[in-house]
Amino acid sequence: MGLLEVASSKSVWRGYEYYNNKNVILHTKISNTEYNGTVRGSNNTHYDVFIDIEHPRKSKCNCPHADGKRIVCKHMVALYFTVFPKLAKEYYDDVINYWEEEEKRQEEMEDRVISYVRKMKKSELEQAFLQFLFDGPEWQYERFIREYVEW
């Protein structure tokens, strides 16, 4: 597994943002698979980062999230993307493609639901609505009462 696969999706996205904001102050190549760097974090704190591409769990950062743990943090990801900017672009493009496809899936689902509802009989609509109202979350029922039921 690679460094990005070991990191949480949140750490990868935040690491990309740090990379994009040029928070990696300096970096040096130790070997073909190992790199050191300094990354500017929150409140202008600087963190010492070491990444091992071949063995991602051996990567280290002295930030509170990863210090002393085998966690890949956003600072490590930022260093990784700085060393491999083409992979940063690929990652960003993948994220954009995912959300474009997700938006398209959501629109298709909305169209299907609207089409289905329009084909329902009045009695089926009433039954579905009441089930939705009574079996749904309490806030939904309360909001309906506030907005539509006259006392």
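**Close-up views of a predicted model**

View 1. Strands are DSSP runs of E with at least two residues, helices are runs of H or I with at least four, and both are numbered from the N terminus. Strand 2 and strand 3 (residues 46–52) run antiparallel and are joined by 7 bridges; two strands count as paired if DSSP finds at least two bridges between them. The hairpin of strand 2 and strand 3 has 5 residues between the strands, and asparagine 43 takes a positive phi near 55° in this hairpin.

**View 2. The hairpin of strand 1 and strand 2.** Strand 1 (residues 24–29) runs antiparallel to strand 2 (residues 34–40), with 5 bridges joining them. Leucine 26 has threonine 38 in strand 2 as its bridge partner. The hairpin formed by strand 1 and strand 2 has 4 residues between them.

**View 3. The surroundings of aspartate 48.** Leaving aside residues up to four places away in sequence, aspartate 48 touches Gly37, Thr38, Lys60, Cys61 and Asn62 (contact: heavy atoms within 4.5 Å). Glutamine 106 lies 58 residues from aspartate 48 in sequence and 42 Å from it in space, C-alpha to C-alpha.

**View 4. The largest pocket.** The largest pocket has a volume of about 150 Å³. A pocket is an open set of points on a 1 Å grid over the protein atoms alone, where a 1.4 Å probe fits, with protein on both sides within 12 Å along at least five of seven lines; lining residues have an atom within 4 Å of a point. Grid points are joined across faces, edges and corners, and the volume is the space filled by probe spheres set on the points. The lining consists of Ser8, Lys10, Ser11, Arg14, Tyr47, Cys63, Pro64, His65, Cys73, Lys74 and His75. Helix 2 (9–20) and helix 3 (74–83) are the elements that give two or more residues to this lining; helix 2 gives the most, with 3 residues.

**View 5. The crossing of helix 5 and helix 6.** The axes of helix 5 (residues 122–135) and helix 6 (residues 138–148) come within 6 Å and cross at roughly 115°. Axes are lines fitted to C-alpha atoms, for helices over the stretch in contact, and angles run from 0 to 180 degrees between N-to-C directions. Phe129, Phe132, Leu133 and Phe134 of helix 5 meet Gln140, Tyr141 and Phe144 of helix 6.

**Notes.** Residues are numbered from 1 along each chain as its sequence is written, and side-chain values use heavy atoms, without hydrogens and water. Local features need pLDDT of at least 70 and side-chain atom pairs count only at pLDDT 80 or more, whereas totals for chains, interfaces and linings use all residues.
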